[in-house]
Amino acid sequence: MANEHQAGGSMHSDNLHLWTHHHVFGQDRRRAGERRTLLVIALTAATMVLEISTGILFGSMALLADGLHMASHTVALSITAFAYVYARRHAANPSFSFGTGKVNALGGFTGALLLAGFSLAMAWESVARFIAPVPIAFDQAIGVAVLGLIVNGVSVLLLGEGHDHGHDHGHSHGHEHRHADGHDHNLRSAYLHVLADALTSLLAIFALLAGKYLGLNWMDPAMGIVGALLVARWSMGLLRDTSHTLLDRQAPEPLCEQLRSAVEGHGHDRIADLHLWSIGPGLHAAEIAVITHDDLSPDEVRARLPEALRVVHATVEIHRCPAVDA
């Protein structure tokens, strides 16, 4: 009997691979956003070095300040690049229960915090200049702002390729989060950083021209506050979406209803308990408890899941209805 048990155990161990699967879910592949982010980092870093070196050489505080500003964005974009590389290199690490998809959201969350800090710094400096105005070297400042706009405009075009721009522009709550579930939060963070910088440069040019030609020096700190409010709004939206992913928040109701309808659309099967959450850009995991009258298997339930939901890991419980068994 003991020998039979040992033989059976050996047989089950040999066939165990038939019921196991990896948890990489495509996270080992290089994302398009990674290459574009690296290009933007190189462009931003080169501009940073140019502005800091010429600022020191010519004694220009405007150039030096903008160079240091570029340095902060180089650091933020480097965090984005690190998240891409880390997720790819550790995709097969078994210590990550559902793969490294959430590293993407973590990178986006970190970037959103930096973006929020940037908006606070903008607001603080703008208010300080309202209280204690400082002399402005208009020609030099306009030149720096134009250079910043060109660099950040190119960066926006690079990162905006294939970027979903409809994530936060007045859509309904459910529709907005359908976008967020499939979004590359890491790329979105990098995109918002360069977009915020481009906006800052554009507002600065407008304010400086108004100050130089109309004498409206107060426009400079006023545009700073406007820019800070817009950047804060973007950062709050990104913090909300990334935190939902990091905290395993239930997927939006339309997605849950889509899954429920697909499973319950056969006979009298009913879902008693459903958990559906994001584990990476466009990837979901699910736990489903089904009550049925029929001889239903977990594999049959998995076969009903809509492909569009990309449920890459599903745990299914089958419960026979007691009234039928009686």
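Modeller: Let's start with a definition: a residue is buried under 20% relative accessible area, exposed over 50%, and partly exposed in between (1.4 Å probe, protein chains only). This is a predicted model, so local features need pLDDT of at least 70 and side-chain atom pairs pLDDT 80 or more, while totals for chains, interfaces and linings use all residues. Residues are numbered from 1 along each chain as its sequence is written, and side-chain values use heavy atoms, leaving out hydrogens and water.

Biologist: You said helix H7. What makes a stretch a helix or a strand here?

Modeller: Both are DSSP runs, numbered from the N terminus: helices are H or I with at least four residues, strands are E with at least two. The chain has 11 helices and three strands. In order from the N terminus, that reads α-α-α-α-α-α-α-α-α-β-β-α-β-α.

Biologist: And how much of the chain is buried?

Modeller: Of its 326 residues, 44% count as buried. The chain exposes about 17100 Å², with carbon and sulfur atoms supplying 64% of that; such areas come from the Shrake-Rupley method with a 1.4 Å probe, and for residues only the protein chains shown count as cover.

Biologist: Show me a buried one. What makes threonine 242 buried?

Modeller: Its relative accessible area is 0%, which is under the limit, so it is buried. Threonine 242 is part of helix H8, residues 219-246. Beyond four places in sequence, threonine 242 touches Ala105, Gly108, Phe109 and His185.

Biologist: Which backbone oxygen lies 2.7 Å from a polar atom of the threonine 242 side chain?

Modeller: That's the backbone oxygen of leucine 238. A polar contact is a pair of N or O atoms within 3.5 Å; within protein, one must be able to donate a hydrogen and the other to accept it, and residues adjacent in sequence count only if both atoms are side-chain atoms. At 2.7 Å the distance is within the cut-off.

Biologist: What makes a set of residues a nonpolar core?

Modeller: The members are buried Ala, Val, Leu, Ile, Met, Phe, Trp, Tyr and Cys residues, joined through side-chain atoms within 4.5 Å. The largest one here has 29 residues, and Leu159 and Val231 have the most contacts inside it. Helices supplying at least two residues each include H2 (32-58), H5 (138-160) and H8. H7 gives the most, with 11 residues.

Biologist: What does leucine 159 contact, neighbours within four places aside?

Modeller: Among its contacts are Arg36, Val40, Leu187 and Tyr191. There is also a second, separate core of 18 residues, which includes Leu274, Ile288, Val290 and Leu296.

Biologist: Now the rings. Why is the pair of phenylalanine 82 and tyrosine 86 called tilted?

Modeller: Rings of Phe, Tyr and Trp (its six-membered ring) pair if their centres lie within 6.5 Å; planes under 30 degrees apart are stacked, over 60 edge-to-face, and the rest tilted. One aromatic pair is counted. Phenylalanine 82 and tyrosine 86 are 5.8 Å apart centre to centre, with 35° between the planes, so they pair, and the pair is tilted. Both lie in helix H3, four residues apart, about one turn of the helix.

Biologist: Last one: what stands out about the phi of aspartate 248?

Modeller: It is positive, about 55°, although aspartate 248 is not a glycine. Aspartate 248 is in the loop between H8 and helix H9 (253-264), and at 40% it is partly exposed. Arginine 310 has a positive phi too, about 50°, and lies in the loop between helix H10 (298-304) and strand E3 (311-320).

How values were computed. Contact means heavy atoms within 4.5 Å.
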